[in-house]
Amino acid sequence: MKKIALTIIALACTLSLGAQDSHMLSAAGITPQRLYINPAIMPEHSYMSIPLIGSIGLNVGTSLGYGSLVKNGYIDGASLARDMKDKAFRTDISLDIFSFGIRFREDNLISVSNRLRVGLGTGYPSGLLGYIFDNPIDYSGSFDIPLKADMLAWNETAIGYSRRINDNWSVGGRVKYVMGLARVDTRSTGFRIEKNIMGSTVTGDVDITGGNINFGGDKLFDPSNLTSSPGAAFDIGAAWSSDDARWRIGAAISDIGFIRWSGKSSSRIYSSETAEYRFDGFGDLDEIFGSSSFDDMLDSVYHELLDCMELDTLSGYAHTGMMPLTVNVSGEFDVRGDKRHVVSLDLLGTFNMRQPLYYAVTAGYRYTTDNGRFSAIATLSHKRVDPVSIGVGLMANTRNFQFFMLGDTSVYALAGNLRKTSGMSLRMGFNFFFGNDDGYCRRGGEKYRYVNSF
């Protein structure tokens, strides 16, 4: 049991994944996929995304590049511990199973979707690396080691309603039935190592919950229990457009909700009492540091550290967990008033329980050809996990079909410095449009292409 628990902890704190998959959508203009971050911003046509591949979002990254981990072929532990301090990362993966929307009475939209989503937020155990690598034998002091990690996988079925109130305002909301698939949450887990010339003493608590994860059973994850943990959530949003349609502003809050994890396969591992534990060290350090895998090294360190603490496991632990809340604020400006040159600014922030705020600020530019069929997109982003990332995208529109692909990567990768590369992201969509409209919409007595207007 302990080996399984330690492996989960080590993986949660060393996975090299991070970022968010929707931060570039505002730069792309009006697409059905923007309903996921603001249900008030709706396309002018009824639509259907291609099942399974209609909308895919993926990010892989880390707030520490490879060069922070390995220098001159070796792990520079002291420098790594300093670089890790106050750093965090987050991963978001999404896949649409199906998605469609029906426009009616001109200013109303009903949308239905089913999505598979995975989120991971965590920090780095900088205090642990400081104890291992930056700890002279005559040093006396303390090392704080908070373990902050939260992994959540879920499926959501959503029904949304969007309405254009007048030429300036539109509002929208989505109600979701959520099915929790798996969760690992370290909650208040953390340690303090008090060290002096005589040795080290460990104080702290372990409190880790598993949703559809059974730390104490023979089977860590049981697929037969995937439908046993329901939940609910909702999104709300509003959008405003100026009288001449050159300025557009939107704001929304998404994933306000919870999942009730069933006791069928959920569990909790925790320290039986708060006490001081004598810590005798990490054993054969040469063997630990000589490991070919950084994950294996941290697993060995955690094994030695937690082995001195008394842990209990509670199976059948039913509990409620909150969804990761996302806030989005976006703005667009049509530079010449002809929908061909549009600049945008987007702020996307995710609050994930005890995790630090993950945010992405993205400035975008979109050029659209005169016939409205093609758009080229460029973005510049600042994220919590990546100071500067540069993105490009392409959108193609016909009367009945829309395709777009957006991607960005760290500026270091573009400069050829892979050692400092923090990550990359990808978002794409395939949408069919249908209805009696001829490809344009009436608004304020003038015609505007549906891809560029509210």
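**Buried charges and salt bridges**

Mentor: Let's start with Asp334, which is buried, its relative accessible area being 0%. Keep in mind that this is a predicted model.

Trainee: Happy to start there! Which strand holds Asp334?

Mentor: Asp334 sits in strand β17.

Trainee: And which backbone atom does the side chain of Asp334 reach?

Mentor: Look for N and O atoms within 3.5 Å when you read a polar contact. Here the Asp334 side chain comes to 2.9 Å from the backbone nitrogen of Lys339.

Trainee: Which residues is Asp334 in contact with, leaving aside neighbours within four places in sequence?

Mentor: They are Arg246, Lys339, Arg340, His341 and Val342.

Trainee: Now for salt bridges. How many does the count come to?

Mentor: The rule asks for a side-chain nitrogen of Lys or Arg within 4 Å of a carboxyl oxygen of Asp or Glu. The count here comes to 21 salt bridges. One of them pairs Arg115 with Asp96, with 3.4 Å between the closest N and O atoms. Arg115 belongs to strand β4 (residues 108–123) and Asp96 to strand β3 (residues 88–104), so this pair ties together parts that are 19 residues apart in sequence.

Trainee: Are Arg115 and Asp96 buried or exposed?

Mentor: Buried means under 20% relative accessible area. Arg115 has 4%, so Arg115 is buried. Asp96 has 1%, so Asp96 counts as buried too.

Trainee: How far apart are N and O in the salt bridge of Lys176 and Asp255?

Mentor: The N to O distance between the Lys176 and Asp255 side chains is 2.6 Å. Lys176 and Asp255 are both buried.

Trainee: Back to strand β17, then. What does the side chain of Glu332 meet in a salt bridge?

Mentor: Glu332 meets the side chain of Arg366, at 3.7 Å from N to O. This pair links distant parts of the chain, with Glu332 in strand β17 (residues 325–334) and Arg366 in strand β19 (residues 358–368), 34 residues apart. Glu332 is buried at 4% relative accessible area, and Arg366 counts as buried at 1%.

Trainee: Which residues do salt bridges that share partners join into one network?

Mentor: Follow the shared partners from pair to pair. That network holds Asp96, Arg115, Arg117, Glu156, Arg174, Lys176, Asp235 and Asp255.

How values were computed
Residues numbered from 1 in each chain as written. Predicted model: local features only at pLDDT ≥ 70, side-chain atom pairs only at ≥ 80, totals over all residues. Heavy atoms only, no water. Helix = DSSP H or I, 4+ residues; strand = E, 2+ residues; numbered from the N terminus. Buried < 20%, exposed > 50% of the residue type's maximum accessible area, 1.4 Å probe, protein only. Polar contact = N/O pair within 3.5 Å; in protein donor to acceptor, adjacent residues only side chain to side chain. Contact = heavy atoms within 4.5 Å.
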